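Please read this briefing with the sequence and the model side by side.

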Amino acid sequence: MSVLERTPPHPDVSAFDLQQVLEALVDPVRRGIVTQLASSGEDIACGGFDLTVSKSTATHHFKVLREAGVIRQYYVGTSRMNALRRADMDTAFPGLLDAITLAHGSRRSPA
């Protein structure tokens with residue numbers, strides 16, 4: 001199996017849909033994934049996230065984010081890596097990711 005066959009499909013930036021992106025980002029687990037990617041500055045393997053859900057539920061959340069265009073997934077060996085599509089998201093919806101990660105981070109901090 002080639003790398004291209006293992007790489008899941010990703011929407012082109014021209015096909016991003018604001019409703020789909022907002023629906024993807026409404027879930028706190030998915031916002032947590034996005035926030036972790038944004039703060040890490042590096043791509044993260046699926047198993048490298050701090051998540052409070054089962055592996056199968058996490059897989060669903062990654063798929064929703066990928067299909068909305070928020071993340072890109074690819075393989076390195078047997079690890080499925082996740083990358084935040086910041087440049088593409090900023091092109092389609094300027095400032096949205098910054099607003100989401102800032103709001104999510106401030107809610108997680110003690111008052």
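**Overview of the chain**

Among the contacts in the protein chain with a separation of 6 or more, 65% are accounted for by residues 24 or more positions apart. The model is a predicted one, and its protein chain has six helices and three strands.

- Read from the N terminus on, the elements of the protein chain follow the order α-α-α-β-α-β-β-α-α.
- Of the 111 residues in the protein chain, 36% are buried.
- The protein chain exposes about 6500 Å², and carbon and sulfur atoms supply 55% of that area.

**Helices H3 and H4**

- Helix H3, which covers residues 28–40, and helix H4, which covers residues 55–68, have axes that come within 10 Å of each other and cross at roughly 70 degrees.
- Because angles of 65 to 115 degrees count as roughly perpendicular, H3 and H4 are therefore described as roughly perpendicular to each other.
- On the H3 side the contact is made by Val29, Arg30, Ile33 and Val34, while H4 contributes His60, His61, Phe62, Val64 and Leu65.
- The residues of this contact between H3 and H4 divide into six nonpolar, two polar and one charged.

**Helix H2**

- Helix H2 spans residues 18–25, and its buried residues are Val21, Ala24 and Leu25.
- Seen down the axis of H2, these buried residues fall within an arc of 90 degrees, so they line one face of the helix.
- As background, an α-helix has 3.6 residues a turn, so residues three or four places apart point the same way.

**Phenylalanine 16**

- Phenylalanine 16 lies in the loop between helix H1 (3–6) and H2, and it counts as buried because its relative accessibility is 11%, where buried means under 20%.
- Although phenylalanine 16 and methionine 89 are 73 residues apart along the chain, their C-alpha atoms are separated by 8.5 Å.
- Leaving aside residues up to four places away in sequence, phenylalanine 16 touches Pro11, Ala68, Gly69, Arg85, Asp88, Met89, Ala92 and Phe93.

**Arginine 80**

- Arginine 80 belongs to strand E3, which runs over residues 79–84, and with a relative accessibility of 25% arginine 80 counts as partly exposed.
- The C-alpha atoms of arginine 80 and arginine 6 are separated by 9.5 Å, although the two residues are 74 residues apart along the chain.
- Not counting residues up to four places away in sequence, arginine 80 touches Arg6, Pro8, Ile44, Ala45, Cys46, Arg66, Gln73, Tyr74 and Tyr75.

Methods
Residues are numbered from 1 along each chain as its sequence is written. This is a predicted model: local features need pLDDT of at least 70, side-chain atom pairs count only at pLDDT 80 or more; totals for chains, interfaces and linings use all residues. Side-chain values use heavy atoms; hydrogens and water are left out. Axes are lines fitted to C-alpha atoms, for helices over the stretch in contact, and angles run from 0 to 180 degrees between N-to-C directions. Helices (H or I, at least four residues) and strands (E, at least two) are DSSP runs, numbered from the N terminus. Angles under 35 degrees count as roughly parallel, over 145 as roughly antiparallel, 65 to 115 as roughly perpendicular and the rest as oblique. Contact means heavy atoms within 4.5 Å. Ala, Val, Leu, Ile, Met, Phe, Trp, Tyr, Cys and Pro count as nonpolar, Asp, Glu, Lys and Arg as charged, and the others, Gly among them, as polar. Buried means under 20% relative accessible area, exposed over 50%, partly exposed in between (1.4 Å probe, protein chains only). The arc is that of the directions from the helix axis to the C-beta atoms. Accessible areas come from the Shrake-Rupley method with a 1.4 Å probe; for residues, only the protein chains shown count as cover.
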